[in-house]
Amino acid sequence: MTLNLTVSPDFAPDHIAGWYFFNTWLQRQLGNAVHLELYDSFEEQRQDLRAEKVDLIYANPYDASMLVRELGFEAIARPLAQPDETIIACREDAEFESVEDLQPGTRVATTSDPDVHTMGMIMLEPADLDSSNISIAQRSNYVLVAKSLLKREADIGFFLKAGYQDLSALIQNQMKVLVTSQISVVHHTLLVGPGMREQIPLLQERLLAMHEDDKGRSVLESLGIEQWESMDRERTEFMIDLIDTLIP
Amino acid sequence: MEDQNNDDGRIVTITYYGGATREALIVDHEVPYPDGKLIVSRTDPKGFITHVNQAFVDMSGYSREELIGANHNILRHPDMPAVAFAGLWETLETGTKWHGYVKNLRKDGAFYWVKATVIPNIRDGEVVGYTSVRRKPSRSKIRESEELYETLK
C-alpha cells in the first residue's frame with residue numbers, strides 16, 4: 001500500500017526539492033512506496049486530511065492541533081531549534097516605528113498561513129487594531145506580501161520569520177521590522193496518521209538518527225533542518241494548549 | 001489589607017481566598033510589557049505552578065526555582081479586586097477559556113499589565129492542570145480595566 005506524505009503549504013519554495021529527497025529517503029527506511037502530495041492551499045489540504053487521504057504530514061502548529069485532537073494523528077518529531085516566529089514589517093520609509101504607532105484603517109497584507117496570521121493579529125492588539133478596524137488582503141506567499149508593501153498597496157505585512165529571512169537582500173533593504181514574536185515553543189511537527197501507528201518506533205528511530213550519516217544529513221540540509229528531535233504526547237499537548245489560548 | 005508606608009513603596013498584607021496571608025512590597029512603578037513576547041505558565045489543578053517560560057521569569061522578577069511549586073497567586077496585585085477573577089473558575093469548569101486584563105505584582109513590588117487567557121488542560125477527559133498565556137494589552141484596555149477595578153474594590 002502506498003503511503004501519502006504531505007507538507008504544510010507554508011514551506012519555503014527553496015525546499016520543494018528537499019521534500020522530494022525526503023520522500024525518497026522515507027521509502028528506503030520504511031521499505032514502502034510513499035507518494036508526496038504538495039498543496040498550494042491550506043483549505044484543499046485540510047479537505048484531504050479530513051477525507052483520510054494523508055498518512056504523514058509535516059504540519060504547521062495550528063493544523064497540528066486539529067490533526068491530533070480531531071483526527072487521531074500523533075506528533076513524532078520536530079526540527080531542532082526551529083520555532084515558528086512571526087514578523088510584522090513595513091516599508092523602510094514608513095512613518096511608524098512601532099506597532100503602537102499604527103492607526104485604525106491600517107492596510108494589512110497577509111497569507112493564509114494560520115499561525116502567522118493569528119500571531120500577527122495578536123501583535124496588533126496593543127494598538128487596539130483588530131479585524132473590525134483594519135483592511136486585510138490575502139496574498140499567496142511572503143514574496144507577494146513584501147511586494148504589496150513596496151507597491152504601497154499595504155501598510156504592514158505579516159511574515160513567518162523564516163519566510164522574511166528568505167527574501168532577497170534587495171527586498172529586505174526596502175523594509176523594516178516593527179515587531180518579531182518571541183514565543184519559542186510553537187513549531188512545525190512531523191505527524192503520522194492512525195493507520196501508520198505500528199511504524200512509529202521504526203520511523204522515529206530512523207528520523208532521530210538521520211543527521212548521523214551523510215545521505216540523511218544531505219537530505220536534512222536540503223530541507224533547511226539541522227536534525228530532528230523527538231516529540232512525545234505531552235510536549236505536543238502543551239503546544240496545542242498554547243495555540244488554543246491564542247485562537248480568538 | 002494593612003499598609004505601612006516607607007520611602008521606596010509600601011508593605012501590604014495580602015489576604016488570599018481561604019485566609020492565607022503574605023506581606024508584599026508594593027511600588028508604584030509599571031514595567032512595560034515587552035513587544036512580541038508571550039508569558040506562559042502551567043499549574044496543577046490546585047493552582048501550583050509546574051512550568052514557566054523565560055518571559056515569565058523575566059517579567060515576574062522571581063527565579064524559576066522560586067516560581068515552580070509556588071501558588072499562581074504569588075502574582076496577585078492588591079489592586080486587583082477578587083471579583084475580577086470571579087468568572088475564572090466557573091468558566092474553566094465548563095471546559096472553556098477565560099480572558100481578562102490583569103495587573104500583576106512583581107517580586108520587586110512593581111507591576112505589569114497583561115491580557116491573560118487561561119484554559120484547562122484536559123487529558124483523557126480529566127483536567128490535569130491549567131495553561132495561562134499572557135500577552136501585551138493596549139493602553140486603552142488598561143485604562144478601562146483600572147477604572148472598572150477601582151469601582152469593584
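Reader: Why does the largest cavity lie between domain 1 and domain 2 of chain A?

Author: Domain 1 (3-82 + 185-246) and domain 2 (86-180) of chain A each contribute residues to its lining, so the cavity lies between them; the domain bounds come from an automatic or database domain assignment. This is a predicted model, in which local features need pLDDT of at least 70 and side-chain atom pairs pLDDT 80 or more, while totals for chains, interfaces and linings use all residues. Residues are numbered from 1 along each chain, chains are lettered from A, and side-chain values use heavy atoms, without hydrogens and water.

Reader: What makes a space a cavity?

Author: On a 1 Å grid over the protein atoms alone, a cavity is a set of points where a 1.4 Å probe fits but cannot get out, and lining residues have an atom within 4 Å of a point. Two cavities of 30 Å³ or more are found in the whole structure. The largest holds about 150 Å³; its lining has 17 residues, and Asp115(A), Met119(A), Val186(A), Ile243(A) and Leu246(A) are the closest to its centre.

Reader: Which helix supplies the largest share of that lining?

Author: H4(A) does, with four residues. A helix here is a DSSP run (H or I, at least four residues), numbered from the N terminus.

Reader: What is known of the second largest cavity?

Author: The second largest cavity has a volume of about 110 Å³, a volume being the space filled by probe spheres set on the grid points, which are joined across faces, edges and corners. Among its 14 lining residues, Ile122(A), Met123(A), Pro126(A), Gly36(B) and Lys136(B) are the closest to its centre.

Conventions:
1 Å grid on protein atoms, 1.4 Å probe; cavity = no way out; pocket = protein on both sides within 12 Å on 5 of 7 lines; lining within 4 Å. Helix = DSSP H or I, 4+ residues; strand = E, 2+ residues; numbered from the N terminus.
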